[in-house]
Amino acid sequence: MSLRRFVARLRSWRKRDDAESELADEIRAHLEIEEDEQRATGISADEARDAARRAFGNVTLAKEVSREAWIFRRFDEFTGDIRFALRQLRRGPGFTSVTILTLALGIGVNTAIFSLFYTLTLAPLPVKSPSEIADVYQMSQTDSKYGPLSYPEYVYLRDRNTTFSGLAAFNGATMTLSSIGKTRIDSTEGEPLQTMLVSGNYFSVLGITPTHGRAFLPDEDRTPGSAAVVVLSYYFWQRRLDAAPDIVGKTLTLNLLPYTVVGIAPKGFEGTIPNPVDIWVPMMMDGNANPGSNALHDRNSYFLHSIGRLKNGIQRSNAQSELTVLAQQFADPTTGDKNKIGIAVAPGSFVSPQDFKQGLPAGVILMLAVALVLLIACANVANLALARGLSRQKEIGTRLALGASRFRIVRQLLTESFLVSLAGGAAGTMIAIWSLQGFLPFLHPPGERGLNLNVRLDVPTLGFAILLSLLTAIAFGLIPALRSSRHDPIATLKEEGTAFRHRTSKSRLRSMLVVAQVAMSLVLLVAAGLLLRALTKAQRVNPGFDMKNVLVITARVKMQNYDAKRGAEFDRALKERLTTLPGVNAVGLGAVVPLGSSFYTTNFVPDDRPSSPDDAKASVNFNTVSPGYFEALSIPVVSGRGFTEDDVAQNRKVAVVSEALANHFWRGQNPIGKTFGKGREVIGVSKDVRSIHLWTAGDMCVYFPATLNDSTAMIFFVRTSGDPGGLVRTVTESATLLAPGVPIKVIRLEDNLARWIWPSQLGAALSGALGGLALLLALIGIYGVTSYAVRQRTHEIGVRMALGAQNFHVLRLVLGHSMFLVGVGVVIGLAISAAAAQLLGEFLYGLSALDLVTFAGVSMLFIAVSLAACYIPARRAMRVEPITALRYE
Amino acid sequence: MTRPAQTREHLELFQGTLDLLILRTLRWGPMHGHGIAKFIEQSSRETFRIEHGSLYPALQRLQQEGWIVTEWGTSSNNRRAKFYKITAAGRKQLTAEQTRWTRFTAAIGHILHPSKPASEEE
């Protein structure tokens, strides 16, 4: 259609009502004129009228075809469909509301998960032109792990590349805030702040301009230790500093050093990792941020994240090749094959490809679970739609008889489905986004902050929601629509006849839907059950040492520049003091907290045999401990002995090994007296502890006695006879007295466990919620079907009762069919669960995926609840009065 | 609204011819719908017996194209009726259509009666 015609048509469309009535007038006039002419030939008035009509032809047809000149037919039909659909939906408020609610739940939960994952993985970073941003990782060509760079390596790449317009680097740290301006913070340990150490060009590469003040200058990126400046995050400024307007220029004391505030980052930018950042500090201050660190000069210390902006038109693959060459040039030829070194350039994202790979199994399982919930919801709605279609059979049959095409009817019914689905989708998505925004800040392991995820209703999420709504509408609407519009309405009517039959509802489709619902719901419930049981099992795991009643004291003496001698003096004095406190059973020192976040590994080479490649691969953890460590943590020393003060005083080269290590290197022999590492003697064997991961047993561990050099990095463990909480204050005071000005932190060891339990707590909660949702939906489905069946068979029930059937018989009749369906569903569900439970793998912490208790328990729960759901309509059936039933034809 | 495919085909073929006939009729002067119908019937020596109703869609279409305009008036027997008048654009369209139609029929004529001398062409 040409533009001119389109415009003309549009104009006449606007005046279509007038045109309509004018045409009617005109045709009437035409008929009158023709009538007159006919009369003139002498026939009667009535005959004339008929003759006129005959001559004219089909008036309605003429009007209809004429109308097409001034309407957009398809559009008109479309709006007509929508208007009709709205009217129909309004007429059945029960159906409409239940359907919308069900769909809102199903679609909402899916949108929530999608939004979460999209924001975390695919959404562009909150920086300028995010498509140009790329993450740079060190990658060995042999194993495909994305790793960090070292600082000297980064500098080399930064200065020599030609593919990036700027290459920045960053690393996270925690710095302790002790005063703001001249005011001290009210806490002995100071306030830990989530810090990001960044290269000078970090903000400019990302295109982030501070709202107040400035970012970092090139000068501040040159000399280590010379740039005590800090950029605050907007959120930190608001929350902690009360948005003080003159904050730029003031000082914050971080790690006992005054830093000048030079700028505030814009609102909404909280860093390029999921954990939100409080402050940014130049990389040059690494020595202060991580006391004792020499990372800026150490080419073997790999810890740095790197991110850069590609030059215009440069592909990531080009950058990758260039950087790989540079990295190989930089590599020290003495440390292994430099050809194995590679650089990977990945699209800029919150998570590294490594994290993504690790999180993928959980993500996929979660998405499958919510998809199942949606399917159950669809089955529910489909059942409802089928039932409703039957009640509209007369209307549809009439329309078919009048000549409507099946396509037209299906199209109209689908319009109703789409409207309901879109309404449900809209409601669900709204609720989903609001819930996420409300809950995410609270969703974090204890002791950490919530995630830096800006979940909002952006285009991809909205698109997903709409797409899902449309697919859902087709899923639950198409088959009922096709069913209802069958060309032979008599067959449909016969099938659902109200006549007295043995089984009036031959609808196998509805039965199958119920069975499917029950099966899917059961799968989700079994998953939830397994996770819950795994969780309780996990909480009872014995880590090999007694976590209860232990206090952990960390004193960051390096901040006050204690040397080894002063450190040792402090260690000795505090240990003495603590031992004398009432309620303290044992005190020991160690370099590492068991099940904490860091650990050290070393090579272990026994002296009594040649080193084999197997030995080199065996990763052995080590800890440097003082006498009293094993007692403080209640780790039994099963043979030989622990360390004594004498060992330390004499500086003996001794060690204690764990059972697993002894078994691995000296199987069947007595490890006491054996030496390793050129002359270090094994003097004791301790019981195994789970020191790195709560879920892996058999860690090989070697303990070295603490020497003078270790003195500044030791952690105190205090075993108390009762609840350690009461001693926290005393202990803190004792420590502060002996080390004035040093940040002291005292916590309970068992609080460390929370960090490990948290993911499975979250998983159990989530799956419990989803399982519950699925159960609810399935129950609604069962209730609906039973209720409908009762209504259909009221007549039959009445007759039976009149003929002498007891309540019990009626009950059996009604429940029989429904519970049969439930039974079949449960069996199928169990089969699928058995097959699919393997997927949960690592989240089950060793619980068998085919845990009988869970399977049996869930099945019984389901059957019991289904019985209850069926019982309500069944009771209605029993109350049927035979007379009323018989009257109801 | 369903309509068997055949009728639709007839209608489409007919549409083009009907347009031409209506325009030609209106060349003689403004007329109302009934008048146009009667004129076509009579002028074609009763060959064309069209249903009067089928005029109206065509009239709407021609109106949309801007080839005819309308005006309410009084008919010969004092009835109110809507009169149609051809426009300048309509006249141009008519000439074009006429030429096309003549050429069309001549071509068919050539095929059917190839012996006809060239001088008898219009």
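Mentor: We may. Let us start with pairing: two strands are said to pair if DSSP finds at least two bridges between them. Please keep in mind throughout that this model is predicted.

Trainee: Which residue of β3(B) is the bridge partner of Ile68(B)?

Mentor: The partner is Ile86(B). The two strands concerned, β2(B) and β3(B), the latter spanning residues 80-86, are joined by seven bridges in the antiparallel sense.

Trainee: In what order do the strands of this open sheet in chain B lie?

Mentor: The order is β1-β3-β2, three strands with antiparallel pairing. At the edges are β1 (31-32) and β2 (68-74) of chain B, each of which has a pairing on one side only.

Trainee: How should I describe chain A as a whole?

Mentor: One may begin with its elements: chain A contains 28 helices and 24 strands. Of its 889 residues, 48% are buried. As for the surface, chain A exposes about 42,500 Å², and 59% of that comes from carbon and sulfur atoms.

Trainee: Is Glu796(A) buried or exposed, and why?

Mentor: The cut-off for buried is a relative accessible area under 20%. Glu796(A) counts as buried because its relative accessibility is 2%. This residue belongs to helix α25 of chain A, which covers residues 794-802.

Trainee: With which residues is Ser511(A) in contact, leaving aside its neighbours within four places in sequence?

Mentor: They are His817(A) and Leu821(A). Ser511(A) itself lies in helix α17 (residues 508-539) of chain A, and it counts as buried because its relative accessibility is 15%.

Trainee: Which elements of chain A each supply at least two residues of the nonpolar patch?

Mentor: They are α14 (406-439) and α15 (459-484). The largest share, four residues, is that of α14(A). The patch lies on the surface and has about 710 Å² of accessible area in total; among its members are Trp434(A), Leu457(A) and Ile466(A). Leu457(A) sits in the loop between α14 and α15 of chain A. Leu457(A) is classed as partly exposed because its relative accessible area is 36%.

Trainee: How does one express the size of an interface?

Mentor: It is often given as the accessible area lost when the parts come together. Here, chain B and chain A bury about 2,500 Å² between them, with 51% of it on carbon and sulfur atoms. On the side of chain B, the residues that lose the most area to chain A are His34(B), Tyr56(B) and Gln64(B), which together account for 27% of what that side buries. Counting contacts gives another view: 25 residues of chain B touch 31 residues of chain A.

Trainee: How many salt bridges are there between chain B and chain A?

Mentor: There are four. One salt bridge between these chains joins the side chains of Lys82(B) and Glu26(A), with an N to O distance of 3.6 Å. The cut-off for such a pair is 4 Å.

Key. Residues numbered from 1 in each chain as written. Chains lettered and ligands numbered in written order. Predicted model: local features only at pLDDT ≥ 70, side-chain atom pairs only at ≥ 80, totals over all residues. Heavy atoms only, no water. Buried < 20%, exposed > 50% of the residue type's maximum accessible area, 1.4 Å probe, protein only. Areas by Shrake-Rupley, 256 points an atom, 1.4 Å probe, with all protein chains shown as cover. Patch = residues over 30% accessible without salt bridge, like charges linked within 9 Å, V, L, I, M, F, W, Y side chains within 5 Å. Contact = heavy atoms within 4.5 Å. Buried area = accessible area lost by both parts, 1.4 Å probe.
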